[in-house]
Amino acid sequence: MSARGRFITFEGSEGCGKSTQIARLKARLEGEGREVLLTREPGGTAAGEKVRDLLQHAPEGEGLTAEAELLLFAASRAQLVREVIEPALARGAWVLADRFLDSTTVYQGVGRGLGAEAVATVNALAVGGCLPDRTVLLDIDVAESRRRIAGRDGGVADRMEREPDAFFERVRRGYLELAAGEPGRFLVIDASATPDVVEAQIASKVLGVEG
Ligand code: Z5A
């Protein structure tokens, strides 16, 4: 039986560089001959992709309440964990996740104001004990986030992107507070640096690679 794989999650504001850095870490790991699985949330399964469409683009999602939104993110995650993440970890793969439960803690708990307790209860049910070994938090300010995502998708903002700056300020602060409370799991990186500098820090802290 192979040893359990490693579960690394990437978090941060939109445009912070998660996809860019996940692709780079995947290439490094595959260069070492490891199996690597990438996931994104919401989505990553057939059912989860339907939920993603509802949460982000479908007209039917426009009037979603904060509570319904929380449960939909959790539903997508519950499916992803059992259908994709757990089997991959069990066969020894590295799983690199573009968002996981911390996104819900921060966007729904802090951003939407649903509160830590309700969100923790829902998160615990969704992940069923499947928790990240390390979490890379790519920190950028709201103005830089807006700059990086401007013009994407033909300039059409999705449901979340239409929130005001104050929402994204709360999200950023929420992430930093969460990370401060769990310094053993979180690696906080200044993601306004160049992609090469960010990559080197991740390689050093997550893989122990220097130079
Ligand atoms: N959400 C939630 O509310 N609750 C939840 O539980 C979950 C999610 C799971 C998902 O959006 C939305 O759902 C998200 C939170 C919410 N909404 N918001 N806001 P998404 O999946 O569409 O997108 P995202 O996850 O927020 O991120 P992204 O837009 O895909 O960006 P990214 O992957 O972090 O960044 P990137 O694609 O690598 O880079 C963005 C651009 O910046 C690109 O042009 C890069 O070339 C450039 N870039 C990358 N790195 C750098 C550096 N270092 N310098 C300069 N430019 C850079």
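This is a predicted model: local features need pLDDT of at least 70, side-chain atom pairs count only at pLDDT 80 or more; totals for chains, interfaces and linings use all residues.
Phe-100 is buried, with a relative accessible area of 0%.

**Ring pairs**

The count of aromatic pairs comes to four. Here are two of them, side by side.

| Pair | Centre to centre | Angle between planes | Geometry |
|---|---|---|---|
| Phe-7 and Phe-100 | 4.9 Å | 80° | edge-to-face |
| Tyr-107 and Phe-167 | 6.3 Å | 50° | tilted |

What does the Phe-7 and Phe-100 pair tie together? Phe-7 sits in strand β1, while Phe-100 belongs to the loop between β3 (94-98) and α4, so the pair links parts 93 residues apart in sequence. With Tyr-107 in helix α4 and Phe-167 in helix α7, the other pair bridges parts that are 60 residues apart in sequence. Tyr-107 and Phe-167 are both buried. They also belong to a cluster, joined by ring pairs, of Tyr-107, Phe-167, Phe-168 and Tyr-175.

**Helix α4 and its neighbours**

Now for the helices themselves. The axes of α4 (residues 101-111) and α7 (residues 165-181) come within 9 Å and cross at roughly 130°. That makes α4 oblique to α7, and the crossing is right-handed. On the α4 side, the residues that meet α7 include Thr-105, Val-106, Tyr-107 and Val-110; their counterparts in α7 include Phe-167, Phe-168, Val-171 and Tyr-175. Sorted by type, the residues of this contact are eight nonpolar, four polar and two charged.

How much of α4 is buried? Nine of its eleven residues are, so the helix is mostly covered. Among the buried ones are Leu-101, Asp-102, Gln-108 and Gly-109. Besides α7, the buried residues of α4 pack against strands β1 (7-12), β4 (134-139) and β5 (186-190), and against helices α3 (66-90) and α5 (116-127). Just after α4, Gly-113 adopts a positive phi of about 75°.

**Over to Arg-24**

Arg-24 takes us to another helix, α1 (residues 18-31). Arg-24 and Asp-196 are 172 residues apart in sequence, with their C-alpha atoms 9.5 Å apart in space.

Terms used: Residues are numbered from 1 along each chain as its sequence is written. Side-chain values use heavy atoms; hydrogens and water are left out. Helices (H or I, at least four residues) and strands (E, at least two) are DSSP runs, numbered from the N terminus. Axes are lines fitted to C-alpha atoms, for helices over the stretch in contact, and angles run from 0 to 180 degrees between N-to-C directions. Angles under 35 degrees count as roughly parallel, over 145 as roughly antiparallel, 65 to 115 as roughly perpendicular and the rest as oblique. A crossing is left-handed if the near helix is turned anticlockwise from the far one by less than a right angle, and right-handed if clockwise. Contact means heavy atoms within 4.5 Å. Ala, Val, Leu, Ile, Met, Phe, Trp, Tyr, Cys and Pro count as nonpolar, Asp, Glu, Lys and Arg as charged, and the others, Gly among them, as polar. Buried means under 20% relative accessible area, exposed over 50%, partly exposed in between (1.4 Å probe, protein chains only). Rings of Phe, Tyr and Trp (its six-membered ring) pair if their centres lie within 6.5 Å; planes under 30 degrees apart count as stacked, over 60 as edge-to-face and the rest as tilted.
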